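Me: I have a model open and want to go through it step by step. Can we start with a single residue and then widen the view?

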Amino acid sequence: QVQLVESGGGSVQAGESLSLSCAASGSAFRIEAMGWYRQAPGKQREFVAGMARNGDTRLADSVKGRFIISMNSAKNTAYLQMNNLEFNDTAVYYCNADLFDSEYVPRNAWGLGTQVTVSA
């Protein structure tokens, strides 16, 4: 079983930056892609950024030009650099991974989330 643990959340003022990390651990697995989602109070969870093993990346329109996703495949870790944060970025940020487990069965895993609060 694979576990995803996010870190790096916190409270900042608008215009400041935060960096999130997501580390995957567990029995033998191969990560194919990692991504970040967020859920604001009273809203549905939404896609923020994703990165495939081959380096392809995708960003939500709302964060393009401000957020950068990266991944260290050797460390099974994904990062989300969030710059010029806005009040509307306030949410719980969740890490997600598409992977093959030790028996080569495709799986999808979620972290427990980390809170990001941006004050106007």
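Me: Is glutamate 103 buried or exposed?
Reply: This is a predicted model. Exposed means over 50% relative accessible area. Glutamate 103 has 62% relative accessibility, so it counts as exposed.

Me: What separation do the C-alpha atoms of glutamate 103 and serine 17 have?
Reply: Along the chain, the two residues are 86 residues apart.

Me: How many helices and strands does the protein have?
Reply: Read along the sequence, the pattern is β-β-β-β-β-β-β-β-β-β-β. The count is therefore zero helices and 11 strands.

Me: Which radius of gyration does the protein have, and what would a compact globule have?
Reply: The C-alpha atoms fill a box of roughly 50 × 25 × 20 Å along the principal axes. With 120 residues, a compact globule would have a radius of gyration near 14 Å. The protein agrees with that, at 14 Å.

Me: What share of the residues counts as buried?
Reply: Buried means under 20% relative accessible area. The protein exposes about 6,600 Å², with carbon and sulfur atoms supplying 49% of it. Of its 120 residues, the buried share is 40%.

Me: How far apart do the centres of the positive and negative side chains lie?
Reply: The protein has 10 positive and 11 negative side chains. The centres of the two sets lie apart by 1 Å.

Definitions and conventions
Residues numbered from 1 in each chain as written. Predicted model: local features only at pLDDT ≥ 70, side-chain atom pairs only at ≥ 80, totals over all residues. Heavy atoms only, no water. Helix = DSSP H or I, 4+ residues; strand = E, 2+ residues; numbered from the N terminus. Rg over C-alpha atoms; globule rule 2.2 N^0.38 Å. Buried < 20%, exposed > 50% of the residue type's maximum accessible area, 1.4 Å probe, protein only. Areas by Shrake-Rupley, 256 points an atom, 1.4 Å probe, with all protein chains shown as cover. Lys, Arg positive; Asp, Glu negative; His and termini not counted. Charge placed at Lys NZ, Arg CZ, Asp CG, Glu CD.
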